[in-house]
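Please read the following alongside the sequence and the coordinates.

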Amino acid sequence: MMDTAQQRLQEADGLAAVLDAAYAAFEGMLSVIYPVQDPASGLFAAFVMAAASAADGRNALALAPSLPGHPLLAVPAEQKPWSGEPPERVAEEVAGLSHLMAERLTRTAASAPDTGDRAACRHAAQSARDICGMLSTGA
Amino acid sequence: MTTRPAFGDFLTAARRHVSAAVAGHQADRSGEHAQEVADSLLHVITVMSRYLQDIAPTPGSMPSRASPPLTAWGQARLTARDALTHAARHLRQHTWVTRAPGVAARSELARQLDATAVALTTGRDLLHTHLARDLHGARQFRSEWGLVVCSPPTEQALLAELAWLAHQIAPACLDVARSASSLDTAAAQRGLRAACGWLQALNGSVQAAHRADPVSVTDRDLLLAIPLNVPLPRPVLDGGEPVASLYDAVITSAERARHAAWVMGAQPAWSPHLTADSLRHVAATSTVTSHHCEILLRSLAARTTGSETATVRASLLRAADAAGRARDGWLHLARALNQVDTDTMRHLAPTAGEAGDLALCTGRLAYADAAWTLSSGPGHQPRPPQDLAPHPADVPQALAAAHHACDAMISQAYAQRERIRTAASADRLLVPTRSLPDSMDIPRPFAPALPDHAHALLSLSQDTAEAAAEASAQAGEAAAAIRAPSRHLTAARVAARVGRDASTSPQRPAASPGPDVTGHPREDPGAVQAALHRLGVNSPDLLQRAADIDRAGAHLILEATGREHQHEPPEAEP
């Protein structure tokens with residue numbers, strides 16, 4: 001799922017597409033983070049805080065005037081939200097995706113003509129950076 | 001430790017001054033002058049009267065034929081208030097020379113009485129930092145300790161302390177009243193004699209109540225532990241602190257979080273602090289804090305080895321299990337809150353910051369990494385039990401830190417529930433429309449949350465609060481067993497609950513000790529009945545007659561003390 005989200009974000013063309021892909025990526029993060037929020041894992045605290053930041057980022061994007069009212073790309077029915085990967089691997093993937101999102105949203109914020117879009121992108125980019133910081137092993 | 005002054009500091013000072021007054025009187029009586037001692041005693045009685053005004057029922061709520069009988073403590077409150085009123089009246093009637101402010105008394109007895117009055121006044125000021133009055137004179141609470149200050153257990157402990165002081169002071173002052181008199185001291189000595197009689201009456205009524213319904217050591221400890229209501233400084237950690245400093249940091253941040261939760265729980269619906277971002281942040285950080293509590297409690301259980309601590313260890317493990325359930329509750333609540341928003345966004349309330357600080361401080365204590373933060377990333381090992389409490393004497397302090405954190409989680413969960421309820425009632429809970437089915441074509445980014453959303457959130461908050469309460473109660477049992485400094489937290493929760501019940505009861509004066517299973521006020525043996533017990537008498541008939549005599553005696557004393565301006569006060573025992 002993270003690969004798909006990453007690809008969509010890389011290929012997104014135009015403000016609406018970037019916002020839509022980033023929104024879906026935050027949603028996707030939540031669905032992969034929840035199953036690995038295991039108290040027995042050393043990543044528990046990081047995943048809990050990362051989920052809150054993902055929700056913050058998603059809700060910030062929901063306020064962007066240019067976000068399409070409905071998802072541009074429906075999630076394929078056969079796609080499984082959780083592939084049973086170990087928490088460390090999920091952390092790595094989510095951290096990578098959030099790093100990409102932070103970059104893409106920061107660039108979008110700089111070029112968006114609408115103030116509301118710029119504010120939403122900046123806020124969501126900050127959430128993505130927070131997630132990256134929480135889940136990066138090298139932090 | 002947290003350096004907030006507590007009521008116990010001033011009560012202990014008052015006790016010390018009273019003891020010094022008695023010792024000074026016994027050592028040297030040459031400089032004692034009835035006029036001066038009467039003046040100083042009046043200072044003490046005046047401040048005692050103010051305490052009684054704070055806790056005694058008002059004349060309008062005095063018992064009538066239609067109202068249920070007062071309990072022993074209800075009667076003691078009324079008797080004590082009347083006794084102090086009479087004592088002050090006698091002293092004022094017969095004392096016309098008062099020292100100017102700032103002029104020290106000549107005798108040790110008078111000086112120490114003055115110091116007692118100052119200590120008691122300061123203590124009362126401390127209690128009043130938790131209370132206020134609204135425009136209509138109704139009592140308001142300014143902190144989470146307000147309910148404790150006004151609770152029956154605390155008031156009874158306070159009354160018992162005042163009675164102890166009165167009992168200590170009276171004999172020494174009576175000596176002065178009975179010393180050789182002259183024309184200029186005779187009136188003051190009369191006033192002193194009468195006042196001391198009333199002080200003994202006060203003590204007698206409180207002792208009777210104490211025999212009927214004893215003040216527990218726990219209640220007294222709670223009274224002494226009531227802190228000054230001032231903001232505590234935010235703990236700032238640099239990573240180089242010894243573990244003892246981390247205990248203090250956890251306790252301080254828990255107290256700050258508890259106070260912030262209390263303040264925020266009563267926020268109005270329009271408050272800009274009422275945001276989903278804050279709710280989410282509190283839920284996420286409290287999940288982490290509860291997780292840390294579980295780690296700390298398990299680690300402490302591992303640290304307490306040996307057969308003599310088996311009970312403590314069992315309590316700690318039960319507390320750890322409950323903290324784990326609280327963590328799971330917080331986690332589910334956090335996930336549910338991730339699905340909602342509010343009409344005000346991107347604003348964090350102070351309580352969110354305090355909850356984050358508590359997660360940070362408990363994390364620094366729970367993990368071996370001295371630089372751990374909420375954004376440190378993965379891969380942190382728990383602190384080994386030997387490092388958590390390097391010496392056996394550190395275990396109570398470490399447990400106090402974990403207990404405070406668990407207790408703060410209760411406040412946070414209930415405050416969270418109230419904030420969710422407030423937001424839902426004002427239609428401020430929203431959901432992103434993109435999360436709704438396509439059939440719901442809403443041309444706005446957010447739509448009002450459905451009632452099911454709010455109900456689910458409220459239910460999760462309630463479950464989490466109950467699990468947190470269980471964790472705190474179990475930690476409290478362990479704290480009581482090893483006399484950890486946090487042991488008063490359990491009593492404070494109970495007192496606040498009793499205080500809340502009493503303040504909502506129409507029969508507040510009678511509400512304190514509570515009826516027994518038969519519906520009658522609890523009664524313990526009086527003096528005559530106790531004497532028969534000591535003689536080994538088991539006859540129900542004789543014991544019943546003894547109880548009747550005790551009851552009649554108590555009624556006679558009450559009736560006598562209640563007849564204002566009709567009788568001279570009872571003469572005190574020398």
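Of the 139 residues in chain A, 50% are buried, where buried requires 20 or more other C-beta atoms, placed from the backbone, within 10 Å of the residue's own. This is a predicted model, in which local features need pLDDT of at least 70, side-chain atom pairs count only at pLDDT 80 or more, and totals for chains, interfaces and linings use all residues. Residues are numbered from 1 along each chain as its sequence is written, while chains are lettered from A and ligands numbered from 1 in the order in which they are written.

Chain A has 5 helices and 0 strands; helices are DSSP runs of H or I with at least four residues, strands are E runs of at least two, and both are numbered from the N terminus. The C-alpha atoms of chain A fill a box of roughly 45 × 35 × 20 Å along the principal axes.

Within chain B, the axes of helix 1 (residues 7–27) and helix 8 (residues 217–225) come within 5 Å and cross at roughly 105°. Axes are lines fitted to C-alpha atoms, for helices over the stretch in contact, with angles from 0 to 180 degrees between N-to-C directions. The two helices of chain B are therefore roughly perpendicular, the term for 65 to 115 degrees. Phe7(B), Gly8(B) and Leu11(B) in helix 1 meet Leu223(B), Leu224(B) and Ala225(B) in helix 8.

Note on methods
Parallel < 35°, antiparallel > 145°, perpendicular 65-115°, else oblique. Contact = placed C-beta atoms within 7 Å. Buried ≥ 20, exposed ≤ 12 C-beta atoms within 10 Å, placed from the backbone.
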